[in-house]
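Hi,

Here is the structure I promised to pass on. Have a look at it first, and my notes on what turned up are just below.

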There are 2 protein chains.
Amino acid sequence: MHKKNIIIYGATGSIGDSTLDLIRNNKDNFNVVGLTCNLNISKLTKISNEFDCKNIGIANKELISQNKTVLKDFIVFEGIEEFQNMISNHHVDIIIFAISGSAPLKLLMEISNSGKTIGLANKECIICLGNLFLKNASISSTKIVPLDSEHNALYQLLKNKNIDSINKYTITASGGNFYKYKYSDLINITPEQAVTHPKWKMGKKITIDSSTLMNKGLEIIEACILFNIEPNKINALIHPESIIHGLVEFKDSSMHAFLSQPNMKISISSILFDNNNVNLDNHRLDLGAIKSLNFIDIDNEKFKAIDIAKTSLDHGGLGPAILNYANELMVNLFLNKKILFTDIVKNNKYIMNQFIRDNNNIKNPNINDIIQAFIIIDNYASRLISN
Amino acid sequence: MHKKNIIIYGATGSIGDSTLDLIRNNKDNFNVVGLTCNLNISKLTKISNEFDCKNIGIANKELISQNKTVLKDFIVFEGIEEFQNMISNHHVDIIIFAISGSAPLKLLMEISNSGKTIGLANKECIICLGNLFLKNASISSTKIVPLDSEHNALYQLLKNKNIDSINKYTITASGGNFYKYKYSDLINITPEQAVTHPKWKMGKKITIDSSTLMNKGLEIIEACILFNIEPNKINALIHPESIIHGLVEFKDSSMHAFLSQPNMKISISSILFDNNNVNLDNHRLDLGAIKSLNFIDIDNEKFKAIDIAKTSLDHGGLGPAILNYANELMVNLFLNKKILFTDIVKNNKYIMNQFIRDNNNIKNPNINDIIQAFIIIDNYASRLISN
C-alpha cells in the first residue's frame, strides 16, 4: 500500500500532538516528510527524530543560528516564507495546517493551489482570504478539510448530500463563562475572570472569544465561506456539553447531527483515514452516561457577536477580515485593562462600520489590500483608546 | 414531469392519513391509483373520490355485499388475497404498505418481487419473513423504505455511507409508562394503567409493547433484518423526548444522529420525495425551545425484552416469528387479565425456548412453515393459562 506523505505546519502545538499520535498508532500508513514550529526547537527536533523526518521548518529565524548544533542533521527551512518549499521539494499528500493567527496568510495562499489535501486549523486566514482562497483551491483541485470540531462536523454531515435540500445549518457553542450573566454584570468582568474556560484549557485569546461569542461569530463567517452558506441560513446554539458540534436541517424538517467527544483526534482522523474507518476506541460516546444534552438560544441582545459577524458577511470584501483583526486588537486591549469586557464587541462593530463608511471596501481583496486595511484599523484602535 | 403512481394498502389508518395529506399538498406530483381498507368503507370511498382513485380494495368481504350501492362506481378488489392484483393491473411506482399485524404476510411476500418502491410500516411481516422477504426484494430490485421513525432514521443516516466503517447502531425508545418503576411495582400493573402512553395516543397492543420494551426488541429484530446488522452491534436507549430516533457510531467514535419531530409525515416524505427536498415548514425542530434531550440506559435486568429479541436472532430461522407471535398472544392474555404484566415477556421467553427445544427450527422457513409454527405456539399458550 502507498504510504501517505504528510507535512505538519505548526507541529509542536496541540493539533500537531494529536496528529502525530494518530500517525504513531498507524505508522504503516504514513511518512512524516515535514514538520515546522515557531519557537519550540527542542520539541521539534525530538519529534522529527522519532518520525524520521529530515525536513524541518522554523519560523523564528534568530533561533536557528543559536541552535546550529542540534539542527545539523536536518534540512532546515528558515522562516515562514520558506515553508512552502517543503512541499515543492517532496512528494506530499496531506498538509496539516495548524499555524494560528494571521501570520501564515501568504503561506496558506501559496499552498492553496498545491493540489494537495489540506487539513485546516486556522480560522483567521480563511476569514481574511475568503473566496480568494477557496477559488484558488477549487481551480487547482486542492481539497480543504476543516479541522475544528464545528466545521469538521458540517464537513462530515454534508458528504454525499444534496446541498439544495438543506434549509439551515447550526453550529454549537459551549457558551463560554458568562452566557448566563446579566448585561450589567458583563461590564465588570476582569481579564482574570475571562481567561479561564469552564471546560477546556485554551489560549487566552480563544477563551475570551468564547466568552464574547466572537469565536462563534468568526466560526459562522468561516462556515459561510467554506461551505458557501448564505448568512441567514446558519446559526449558533449554546450547548454546554459540547457533544453535538454541528447540525444540518433539511427542507423536510429532519435534521442530521454530528456527535463526538470534544477531541481533535476525531476531526484529524477524518483527513488521515477514509470513511471514518480508523478505530478510536478510547473516544466512544456513552449517551446513557452523559444523560442529558442541553441547548440554550443565544441572547442576541446581550451578545451581539453573531449579528455583527453576519453584517461583516453582508458587507463582503474586506468586512470579515476587518472584523477579525479589530477583534484581535480589542481582546489585547481588554487583556491590558484598557477597555471593558463589553467594549470588545461594541468596538469591533464600531471599527468595522467606520472602516466600511470611510474606505473603499474592495470586493475581491488580495493580500496587500488586506494588510493595508489592517494598518487603517491599527490607527482606529489607537485613536479609540487615546480618546 | 412524470407523476408518480401510488397505491396505499391500509389507507384509512394514520399512515394513510399522513400519506394522503402529503399528496394533497403536492397533487401535481402524484396519482393515487389504489386505496384499500379493512372495515372503514365510508372513509375509503370518501378519500377515493377526493383523489379520483377508481381502484379500491376491501379486506372484509362481508362488508362489500352490504355496501354495493356506494361501491358501484369503483373497481373493487375483494379480500386481501386480491390486493396484489391492484399492482399488476396498473402502472405503479410506489406502494405504501400500512396494513398492520401478520394478516398481510402473503400479500407482502407477493409484492416483494414487484420491483416497485415499497414504503413499509409493518414490523410483524418483516420479523416473520426475515431474509426471505429481503432476498426476494433484492433479486427483483424492489426497494424497501422503512417508514417507522427509528428504521427510517437509520435508513436515512446510512444513505451513501460505508457500512464497514460503522461500529454500532442505536435506536431510541420513549421508555413507555413504567421505565422508572421498580420490578416489584411492575408486577401489579393493570391493563387500564398500561394502555395509556405518556406521549402518544396509540393502539393498545403497541402501547403495551412500548411499556414492556418488547416493541423495541421487535424493532431491533426488524433493524437487524432490514440493514443486515449483527445483533451485538445494535442497541436501544431510552430517550423520553423522542427527538433523536436513531444513531450510527463510526469506528472513529464519531456519531451521526437523525432528529425530527415525532411525526410520520417526515418518514413518509422520504419515500415520496427525493433527497429530503419537500418543504415541511410546520415540523421544524427548535432545540432551544426543547431545551434538553435526555438519555437513560435500559435496565436489562428489569426489562428483558431486548435480550430476548437478540436471542431470537441468534436462534435464527423461525425464532423471531415465534417471539413476535407469542408476544401477540401474551399481550392479549394480559389485556384479558389472564396473566400479569411481568408475565408477558417472561412467557415470551419461555414459549420461544420451548419451541426451539422441541421443534425443528427450519433455517429458511416459508410462509407455511411460519403458519405451522403459529399453531404450535397457540397450543403452548393455551396450556400456559390452563395450568
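Before the first helix pair, a word on how the angle is taken: axes are lines fitted to C-alpha atoms over the stretch in contact, and the angle between N-to-C directions runs from 0 to 180 degrees. Also keep in mind that this is a predicted model.

Let's start in chain A. Helix 1 (residues 14-24) of chain A packs on helix 14 (residues 264-272) of chain A with the axes 9 Å apart and an angle of about 60°. So helix 1 of chain A and helix 14 of chain A are oblique to each other, and their crossing is right-handed. Who touches whom? On the helix 1 side of chain A you'll find I15(A), S18(A), T19(A), D21(A), L22(A) and I23(A), and they meet M264(A), K265(A), I268(A), S269(A) and L272(A) of helix 14 of chain A. Sorted by class, that contact has 6 nonpolar, 3 polar and 2 charged residues.

Over in chain B there is another pair to look at. Helix 18 (residues 343-358) of chain B and helix 19 (residues 367-386) of chain B have axes that come within 11 Å and cross at roughly 125°. That angle makes helix 18 of chain B oblique to helix 19 of chain B, and helix 18 of chain B passes helix 19 of chain B in a right-handed crossing. The residues making the contact are N347(B), Y350(B), I351(B), Q354(B), F355(B) and D358(B) from helix 18 of chain B, with A373(B), I376(B), I377(B), Y380(B), R383(B) and L384(B) from helix 19 of chain B. By class, this contact comes out at 8 nonpolar, 2 polar and 2 charged residues.

On to charges. Over all chains, the structure holds 32 salt bridges. One of them joins K123(A) and E219(A), whose closest N and O atoms are 3.7 Å apart. This pair links distant parts of the chain: K123(A) sits in helix 7 (residues 123-129) of chain A and E219(A) in helix 13 (residues 214-227) of chain A, 96 residues apart.

Last, how are the two copies related? Chain B superposes on chain A by a rotation of 180° with 0.0 Å of shift along its axis, at an RMSD of 0.0 Å. That is the relation of a two-fold axis. Both copies use the same surface, too: 98% of the contact residues of chain B recur in chain A.

Cheers

How values were computed. Residues numbered from 1 in each chain as written. Chains lettered and ligands numbered in written order. Predicted model: local features only at pLDDT ≥ 70, side-chain atom pairs only at ≥ 80, totals over all residues. Heavy atoms only, no water. Helix = DSSP H or I, 4+ residues; strand = E, 2+ residues; numbered from the N terminus. Parallel < 35°, antiparallel > 145°, perpendicular 65-115°, else oblique. Left-handed = near helix turned anticlockwise from the far one by under 90°. Contact = heavy atoms within 4.5 Å. Nonpolar A, V, L, I, M, F, W, Y, C, P; charged D, E, K, R; others polar. Least-squares fit on C-alpha atoms with pLDDT ≥ 70 in both. Salt bridge = Lys/Arg side-chain N within 4 Å of Asp/Glu carboxyl O.
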